[in-house]
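Trainee: Here is the structure I want to go through. Can we set each label against its cut-off?

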Amino acid sequence: MPTAGDAPARLPELLQPLAGEPERSALFLDFDGTLSAVVVDPVGARPLPGVPALLAELAVPFALVAVISGRPTAFLADVLGAPPGVTLVGLYGLERALQGPAHDTWATVIDEVVAEAMATAPEGVYVEPKGLTVTLHFRRAPEHKDWVVAFAERQHATRGLLVHPGRLERELRPAIDVDKGTVVRALVAEHDEQHGTEPLRALAAFGDDVGDLPAFAALEALRAAEGPPRLVVRVAAVDTESPGVVAAAADLTVPGAVGAVALLRDLADATAPAPKT
């Protein structure tokens with residue numbers, strides 16, 4: 001599998017079609033581990049230096065730039081500054097999918113789980129409420145992984161919540177058929193409907209964890225679907241604790257968030273307008 005260095009001298013061949021026709025291309029980007037370094041305390045996660053401006057720069061030539069994250073949309077808007085032209089989708093699309101009474105019902109369930117977790121979690125386990133989801137982190141207390149796993153499975157059995165594994169964490173979500181893959185497909189469909197004569201031709205997804213696999217799978221499904229031919233590129237941001245399955249599903253790997261942002265910088269440079277003479 002091709003690997004890009006920390007600061008590639010030239011754009012990898014796989015991404016050159018996107019740079020050649022950015023007005024018919026889309027970028028789907030994860031946040032944690034891709035635009036932001038993985039940190040011990042999730043509350044402290046921030047984009048790498050220059051990322052908000054870089055996203056706004058990419059949004060000028062590219063037809064679609066979207067950050068799709070397990071973080072709430074409000075969090076993304078706060079730390080990224082709502083860069084113009086960039087679509088922010090939080091909670092894997094749950095905020096888009098759940099409205100009205102269904103939203104309130106699931107929010108109440110999550111609130112109850114958060115209260116139970118905060119009251120019973122061993123020291124070192126961090127409970128991160130996100131409104132419609134909750135994540136239990138055991139990065140600071142790996143010895144309590146079994147407690148986190150058992151708690152999550154109990155909530156699945158008693159409340160019907162879905163359990164999603166992640167880097168030294170378990171996330172509990174409503175039992176709704178929504179993930180990064182459904183978001184990618186919806187955004188592509190929405191774009192193509194609005195630009196019927198100019199559908200997207202090239203799609204790239206950047207991610208680092210198992211939650212990004214549905215986005216990778218969605219790109220492959222879009223490539224294989226009937227209709228206009230599409231080129232797809234799946235980029236894995238890999239570090240020492242990355243799940244091997246993510247790199248295995250990718251077309252290109254880069255060294256962590258630093259490598260992902262460097263590659264996006266190369267894309268921005270490759271699509272920048274030529275200086276006036």
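Mentor: Start with exposure. Buried means under 20% relative accessible area, exposed means over 50%, and partly exposed is in between (1.4 Å probe, protein chains only). This is a predicted model, in which local features need pLDDT of at least 70 and side-chain atom pairs count only at pLDDT 80 or more, while totals for chains, interfaces and linings use all residues. Residues are numbered from 1 along each chain as its sequence is written, and side-chain values use heavy atoms, with hydrogens and water left out.

Trainee: Why is E241 called partly exposed?

Mentor: The relative accessibility of E241 is 33%. That value falls between 20% and 50%, so E241 counts as partly exposed.

Trainee: And R167, buried or exposed?

Mentor: R167 has a relative accessible area of 8%. That is under 20%, so R167 is buried.

Trainee: What makes E241 and R167 a salt bridge?

Mentor: The rule asks for a side-chain nitrogen of Lys or Arg within 4 Å of a carboxyl oxygen of Asp or Glu. In E241 and R167 the closest N and O atoms are 3.3 Å apart, so the pair qualifies. The pair links distant parts of the chain, 74 residues apart: E241 sits in the loop between β9 (231–238) and α9 (244–248), R167 in the loop between β6 and β7. Salt bridges with shared partners join R139, R167, D208, D239 and E241 into one network.

Trainee: How many salt bridges does the structure hold?

Mentor: It holds 21. One of them joins the side chains of D30 and K180, at 2.7 Å from N to O. D30 is in the loop between β1 (25–29) and α2 (51–59), and K180 is in helix α7 (residues 180–194), 150 residues apart. Both D30 and K180 are buried.

Trainee: What about E57 and R265?

Mentor: They form a salt bridge, with closest N and O atoms 2.6 Å apart. E57 lies in helix α2 and R265 in helix α10 (residues 256–271), so this pair ties together parts 208 residues apart in sequence. E57 has a relative accessible area of 32%, so it is partly exposed. R265, with 29%, is partly exposed.

Trainee: How do you know what counts as a strand or a helix?

Mentor: Both are DSSP runs, numbered from the N terminus: helices are H or I with at least four residues, strands are E with at least two. Take β7, residues 169–173, which includes E169. Five of its five residues are buried. E169, E171 and R173 point one way from β7, and R170 and L172 the other way.

Trainee: What makes β6 and β7 a pair?

Mentor: Two strands pair if DSSP finds at least two bridges between them. V163 has L172 as its bridge partner in β7, and P165 has R170. β5 and β7 also pair in the antiparallel sense, over four bridges, with R170 of β7 as the bridge partner of L136.

Trainee: Which order do the strands take in the open sheet?

Mentor: The four strands run β4-β5-β7-β6, with antiparallel pairing. β4 (126–129) and β6 (162–166) are the edge strands, since each pairs on one side only.

Trainee: Which residue in the turn between β6 and β7 has a positive phi?

Mentor: L168, at about 50 degrees, in a hairpin with two residues between the strands. L168 is partly exposed, with a relative accessible area of 31%.

Trainee: Back to E169. Why does E169 have no salt bridge?

Mentor: Lys and Arg count as positive, Asp and Glu as negative, while His and the chain ends are not counted. The nearest side chain of opposite charge, K130, is 5.8 Å away. The limit is 4 Å, so E169 is buried without a salt bridge.
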